[in-house]
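Visitor: Hi! Could you walk me through some charged residues in this protein?
Guide: Happy to, let's take a look together.

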Amino acid sequence: MSTAIVTGQPVPGSSLEGDLRALGFDVRLAPDAAQAGAALAAVPAGQRVALVDAGFVGHVHSLRLGLTDPRFPASAVPGALTVQPAGREALTGALRDTATGPSAADSAAPAGTLTGALADRVAERLTASGTDVHRPELGELVAAVPTDPQARNEARQAVAAVDDEAIRLRTAVKARDGFFTTYCISPYSRYIARWCARRGLTPNQVTTASLLTALIAAGCAATGTRPGFVAAGLLLLFSFVLDCTDGQLARYSLQYSTLGAWLDATFDRAKEYAYYAGLALGAANASGGHDDVWALALGAMVLQTCRHVVDFSFNEANHDATANTSPTAALSDKLDSVGWTVWVRRMIVLPIGERWALIAVLTALTTPRVTFIVLLIGCALAATYTTAGRVLRSLTRRATRTDRAAQALADLCDSGPLTDLLRRAVRGVPRHTAPALAALGALVLVLATALSGYGSWWPVLGAGVYALTSAAAVARPLKGPLDWLVPPVFRAAEYGTILLIAAKADVNGALPAAFGLVAAVAYHHYDTVYRIRGGTGAPPHWLVRAIGGHEGRTLVVTLIAALLTDTDFPVALTVCAVAVALLVLAESIRFWVTAHKRGAPAVHDEGEPA
């Protein structure tokens, strides 16, 4: 329960108290300054508290935006202010200073007398004292404290003229999204979100329902029958509808949370990759085991994950860089001003909506093999387009990258104990050579694996060279213009090597085991991204060391292939996959659940479509 302290003399006919109770506040009245301070002191320390002027006139959604958003420690709209428990001490001090020392505008008022909007003056005091007070954009919504009957009547007429429920529904939709989501899903999914809100469902429950629906879709695809494929495509689309609904429900009801953001992002990857596995099983069942598309399924997962790492690395390298402008970025902004080019450019990158629609239609109408081939071609073209554009931006941008960005890139690299050991031997590496060194090592590793047969020691030698060049690549802070390419190069090298070795083993179970190992490692890499985005830093160092780092895991896989027979290889790879999965899942779940229980700042990602 949160507490709202209504300050000043009650206004006859006002619905303010009822509105605040409808928003979940316990309402307390405080006609004067002394009673306001006493009411604040009586509120339990662990509760959110709000100050609202009794003369407030406005939409209920204005109050909701200003007083209930969990993402901000302090927030205000005209006539209303709220702080979370961490800001209570600052609020108490600001209220005391405001009551005993009127501002210049109220210098004629006696000390201890509440004149004007107390909440507004306290918010100004909080801002002046260094507290970051969030002020939501209200747009057409009304929030005011009229000073006379005529102004009050005009404010009430303005409230009646605007449908705040329509605005609430409209703003529940993400401001920037893909074409398919914007025009084929959001026009009705927002109403599903409202239906869920009115029945007390939470975004996390909808997220879980989306995951379960996708898993059922994967099971249908695994049957290998045409009815199963049709059902799988339809269920995948419905899972995406629910995936859009959970975010819209969070925005509609302001139910943001750290745990919810993590579940949403993690489950998106789990749904898509589980569906890939279902398609691979379905292809085998449909052909009696003759059509093995596990290599294509693993290739799709590798390509998609590497695309995401490119996005994450580029954004982390540049989002707080200084002098962060370039002619390429300016051209992109100009193109965005031409309406149709915006949608074309968003569709080219094959965001999650377009991608899942493509997969669903191809699943229902064609075969898993055709589905994966088209998906790989589309994702490859999208990856080429986005990566080339970002390389051009980086080369033409005169940006100075921060230490925080360099540390984020280092964390995304996922370097293990072998790199720590070899780093001492590669000192004096020239500046801005990290991408070239990483690419050189990756090329040697992939070529050594691709050009040799299963059981050869050449991949082991290539993994040794890769470990050495990887250590050299991260020997300096990653602040060069193209250093954001280092993490995706590492991902492509590690995942690609596992794929190649499993394919060369050419025994039943090798590629599915490789799929499981890459999925476990990819989860660790996604989890690292979500922790960095949440401002909590990378996973603990002991975890990175325990699972070997990218260079250590690559060396272990090549050694397993060199030392074991091809029939033993799937078993060893499965053991590695299970070990990595258990470690990273246990630590990840422990971290996010603990952060949620401790009241970590709520987050909600409004970034580009995944």
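Visitor: Where does Asp-292 sit?
Guide: Asp-292 is in the loop between α11 (258-286) and α12 (294-318). Keep in mind that this is a predicted model.

Visitor: Is Asp-292 buried, partly exposed or exposed?
Guide: Asp-292 counts as partly exposed, because its relative accessibility is 44%.

Visitor: Which residues form the negative surface patch?
Guide: That patch is made by Asp-292, Asp-506, Asp-566 and Asp-568.

Visitor: New topic: how many salt bridges are there?
Guide: The count comes to 20. In one of them, Lys-271 pairs with Asp-243 at 3.4 Å, N to O. This pair links distant parts of the chain, with Lys-271 in helix α11 and Asp-243 in helix α10 (residues 226-253), 28 residues apart.

Visitor: Are Lys-271 and Asp-243 buried or exposed?
Guide: Both Lys-271 and Asp-243 are buried.

Visitor: And what about Arg-590 and Glu-587, where are they?
Guide: Both lie in helix α25 (residues 569-597), three residues apart, which is about one turn of the helix. Glu-587 is buried, because its relative accessible area is 5%, under the 20% cut-off. Arg-590, at 43%, counts as partly exposed.

Visitor: Which residues are linked with them in a network of salt bridges?
Guide: Asp-527 and Arg-531 join Glu-587 and Arg-590 in that network.

Visitor: Last one: which residues does the "transmembrane region" annotation cover?
Guide: The unreviewed UniProt entry gives residues 370-392, 433-451 and 569-589. In the model, residues 569-589 are 100% helix, with end C-alpha atoms 30 Å apart.

Technical notes
Residues are numbered from 1 along each chain as its sequence is written. This is a predicted model: local features need pLDDT of at least 70, side-chain atom pairs count only at pLDDT 80 or more; totals for chains, interfaces and linings use all residues. Side-chain values use heavy atoms; hydrogens and water are left out. Patches are made of residues with over 30% relative accessible area and no salt bridge: like charges are joined within 9 Å, nonpolar side chains (Val, Leu, Ile, Met, Phe, Trp, Tyr) within 5 Å. Accessible areas come from the Shrake-Rupley method with a 1.4 Å probe; for residues, only the protein chains shown count as cover. A salt bridge is a side-chain nitrogen of Lys or Arg within 4 Å of a carboxyl oxygen of Asp or Glu. Lys and Arg count as positive and Asp and Glu as negative; His and the chain ends are not counted. The place of a charge is taken as NZ of Lys, CZ of Arg, CG of Asp or CD of Glu. Helices (H or I, at least four residues) and strands (E, at least two) are DSSP runs, numbered from the N terminus. Buried means under 20% relative accessible area, exposed over 50%, partly exposed in between (1.4 Å probe, protein chains only). UniProt positions are given in the numbering used here, feature names are shortened, and annotations may be inferred rather than shown by experiment.
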